[in-house]
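Dear colleague,

I am passing on the structure below, together with notes on what was found in it. Please keep the model open beside the text as you read.

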Amino acid sequence: MEKFMKKLLILLALIAPLSAFAQDDVGTCGWGSKLFEGNRGLAPKVLAVTTNGSSGNQTFAMTSATSGCSRDGVVRSNWKTVYFIDQNMNRLARDISRGEGETLASLSQLVGIEKADQVAFNAELKNNFSKIFASENVDSKSVHAAMKTVLASNQDLANYSNNL
């Protein structure tokens with residue numbers, strides 16, 4: 001029984017970090033993210049996660065809002081945003097083209113836009129409507145990717161691009 005438990009613990013220790021790679025934001029804060037910032041690929045990601053996990057600093061960074069982590073208490077997921085866009089595509093297009101509306105307000109809440117940045121967020125999306133909705137047949141993933149690009153290119157709103 002003891003051998004089985006050891007094998008199970010080893011298996012869980014190996015699988016747990018790998019399951020985290022399903023998320024796009026693994027290693028985006030903590031010392032590991034700072035140490036391997038700008039590197040792409042599996043190896044830097046594994047090293048960033050290993051650094052964060054072995055030192056326990058990511059948990060501290062999340063609670064103290066240091067090392068690139070935020071402390072707004074909101075867990076965000078890209079699939080929820082894409083799903084929201086997919087389910088509200090026409091209303092969202094209308095609201096973005098006007099720079100206001102209930103669906104746009106709901107998106108900004110889902111993304112975590114602070115009240116102080118709301119007007120700039122709405123205006124930026126409105127000004128880039130043709131980039132976001134590049135064709136009549138655009139899909140939710142394309143709209144999502146275009147919004148991320150638009151926000152990332154605005155220095156005042158770039159921090160929200162990771163929340164999308």
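Which residues are buried in helix α6 (residues 89-98)? In this model, which is a predicted one, the buried positions of α6 are Met-89, Leu-92, Ala-93, Asp-95 and Ile-96. Just beyond the end of that helix, Gly-99 adopts a positive phi of about 80°.

**Salt bridges around Asp-95**

The structure holds 2 salt bridges, and Asp-95 takes part in one with Arg-94, where the side chains meet at 3.2 Å, N to O. Asp-95 also forms a salt bridge with Arg-98, and there the closest N and O atoms are 3.3 Å apart. Asp-95 and Arg-98 are 3 residues apart in helix α6, and they are therefore separated by about one helical turn. Through the partners that these salt bridges share, Arg-94, Asp-95 and Arg-98 are joined into one network.

As for the accessibility of the three residues, Asp-95 counts as buried because its relative accessibility is 0%. Arg-94, by contrast, is partly exposed, with a relative accessible area of 42%, and Arg-98 likewise counts as partly exposed, at 43% relative accessibility.

Together with Thr-103, the buried residues of α7 are Leu-104, Leu-107, Ser-108 and Val-111. When one looks down the axis of α7, these buried residues fall within an arc of 140°, so they line one face of the helix. The face turned away from that buried side carries Glu-102 and Gln-109, which are exposed. Just after α7, Gly-112 takes a positive phi of about 90°.

**How α7 meets α8**

How do the axes of α7 and α8 lie, and at roughly what angle do they cross? The axes of helix α7 (residues 102-111) and helix α8 (residues 118-127) come within 11 Å, and they cross at roughly 115°. The crossing in which α7 passes α8 is right-handed. On the α7 side the contact is made by Leu-104, Leu-107 and Ser-108, while α8 contributes Gln-118, Phe-121, Asn-122 and Leu-125. Sorted by class, this contact between α7 and α8 has 4 nonpolar and 3 polar residues, with no charged residues.

**A point in α10**

Ala-145 lies in helix α10 (residues 140-152), and at 40% relative accessibility Ala-145 counts as partly exposed. Ala-145 and Ile-132 are 13 residues apart in sequence, whereas in space their C-alpha atoms are 8.2 Å apart.

How values were computed
Residues are numbered from 1 along each chain as its sequence is written. This is a predicted model: local features need pLDDT of at least 70, side-chain atom pairs count only at pLDDT 80 or more; totals for chains, interfaces and linings use all residues. Side-chain values use heavy atoms; hydrogens and water are left out. Axes are lines fitted to C-alpha atoms, for helices over the stretch in contact, and angles run from 0 to 180 degrees between N-to-C directions. Helices (H or I, at least four residues) and strands (E, at least two) are DSSP runs, numbered from the N terminus. A crossing is left-handed if the near helix is turned anticlockwise from the far one by less than a right angle, and right-handed if clockwise. Contact means heavy atoms within 4.5 Å. Ala, Val, Leu, Ile, Met, Phe, Trp, Tyr, Cys and Pro count as nonpolar, Asp, Glu, Lys and Arg as charged, and the others, Gly among them, as polar. Buried means under 20% relative accessible area, exposed over 50%, partly exposed in between (1.4 Å probe, protein chains only). The arc is that of the directions from the helix axis to the C-beta atoms. A salt bridge is a side-chain nitrogen of Lys or Arg within 4 Å of a carboxyl oxygen of Asp or Glu.
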